[in-house]
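Hello,

Here is the structure I promised to pass on to you. Please have a look at it first, and then read on for what turned up.

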Amino acid sequence: MINPRTKQRELCYVVNIDRIEPIVGSDNCEAAVVGGWRVMTRKGTFQAGDKAVYFEIDSKVPETETFAFLAPKHYKVKTQKYTFGGKGLMISQGLLMSFEDFGWDINTYEVGDFLTETLGVKYSVVEDNKRKASVDKYKRMAQRHAKLFKTNKLVQWLYARTWGKKLLFLFLGNKRDKKAAFWPSWVVKTDEERVQNLPQLFPPDDTEWFVTEKVDGTSTTFTMKRLKRNKYEFYVCSRNVCFDKPEKEEKLFYETNVYTEMAIKYNAEEVLKNMLETHSEFEFVTIQGETYGKSVQQRDYHMENVDFKAFNLIFGYKDGTTKRLNPREMTEILTNIYNIPCVPILDEHFKLPNSIDEMVAYADGDSIIDGDYREGVVLRTADGVNSFKAVSNYYLTSKYGNN
């Protein structure tokens, strides 16, 4: 679920159980439904209306006694498929635990409270933690002076206090630490909400949606802001790390800096500069997309290199408003004019089905890129304002998604 305050994905939060459903073929288990998620639980554990703690798929819980039952699964919460000896089929997504499991009173937390940090929940894939976690300039400082921070008690005492960190940074921080923590204020970080967290969309109205293929890669942003006449700021960003120049060769998460490679390959700096020079009403322009291919994710699209596909083109105007183009408008500009590839458009007049289950089933299919199965789909309204993603359960239970 996307936290509306931070705009970042939360992996753990308090929910109400919407309903309990039987599972065909199982005498001992049943499905607890939370929004669009179905979670297999032991019969009688929960009742409709109960308050519980929900852990989304892609989570990794702490290796503590509380979560010892997940040790065989390496403490990971993933999509699981159960067939009950061929008698039935259950796709279980997530984990539900009661307040009693944590020794909490039922009023300790309220529905909607986010517990990701409270319980120390991380992404299940190490690379995801690196790519999606915000960079802390103080941690960078401590890592560069590891011996000092491990042995000096005064330094440790100061580092444990907010004002002490600032004091240490005054003497030990450097420009690289500051740049690592910098993020351009006009750029909204990329993370689409999952359809399972949007039950209010179903049953649907007559709104038509664009459907694009969801590409499995690493989020990449190119952005440029106008400073004054003939002066511009250009940045290349991963999900949470921003580079001041595309020439910067910090490898970060992969063998090479794939983000700056894509900026250079598609001449991103000149493209953005041209848009700003052509449109005097623009304050900034941002291109966001997915860098994908060899060694980026489990899903390498049978490639021996990496490539980029844009999924966002955003104009920021001098009056303070912004506009995100729809996929067709984006493609006509980026691909047809600047030769920057965009995510494949699957439908331009799609109407939502009657249920979340049908929407998730629609996400199954073959990729336009290589013919292997796709990760899922992203839907966006024609005005570019509303969007969400539906990830294929077939993909999540495959060798690509369930590792």
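Which residues of helix H9 (residues 327–338) are buried? In this predicted model, they are Pro327, Met330, Thr331 and Leu334. These residues lie on the same side of H9, because they cover an arc of only 95° around the axis. An α-helix has 3.6 residues a turn, so residues three or four places apart point the same way. The face turned away from the buried side of H9 carries the exposed residues Asn336 and Ile337.

What do the buried residues of H9 pack against? Their partners are helix H8 (268–278) and the strands S12 (209–214), S16 (282–293), S17 (306–317), S19 (345–350) and S20 (376–381). At the start of H9, a side-chain oxygen of Asn326 comes to within 3.0 Å of the backbone nitrogen of Arg328. Just after H9, Asn339 has a positive phi of about 60°.

Now to the salt bridges, which number 18. Arg194 pairs with Asp58, with 3.1 Å between the closest N and O atoms. This pair links distant parts of the chain, 136 residues apart. Arg194 is buried at 6% relative accessible area, and Asp58 is buried too, at 16%. Both residues belong to a network of salt bridges that links Arg9, Glu56, Asp58, Lys78 and Arg194.

Another salt bridge joins Asp370 and Arg299 (2.6 Å, N to O). Asp370 sits in the loop between helix H10 (356–362) and S20, and Arg299 in the loop between S16 and S17, so the pair ties together parts 71 residues apart in sequence. Arg299 is buried, with 0% relative accessibility, whereas Asp370 is partly exposed at 25%.

Best wishes

Key
Residues are numbered from 1 along each chain as its sequence is written. This is a predicted model: local features need pLDDT of at least 70, side-chain atom pairs count only at pLDDT 80 or more; totals for chains, interfaces and linings use all residues. Side-chain values use heavy atoms; hydrogens and water are left out. Buried means under 20% relative accessible area, exposed over 50%, partly exposed in between (1.4 Å probe, protein chains only). Helices (H or I, at least four residues) and strands (E, at least two) are DSSP runs, numbered from the N terminus. The arc is that of the directions from the helix axis to the C-beta atoms. Contact means heavy atoms within 4.5 Å. A polar contact is a pair of N or O atoms within 3.5 Å; within protein, one must be able to donate a hydrogen and the other to accept it, and residues adjacent in sequence count only if both atoms are side-chain atoms. A salt bridge is a side-chain nitrogen of Lys or Arg within 4 Å of a carboxyl oxygen of Asp or Glu.
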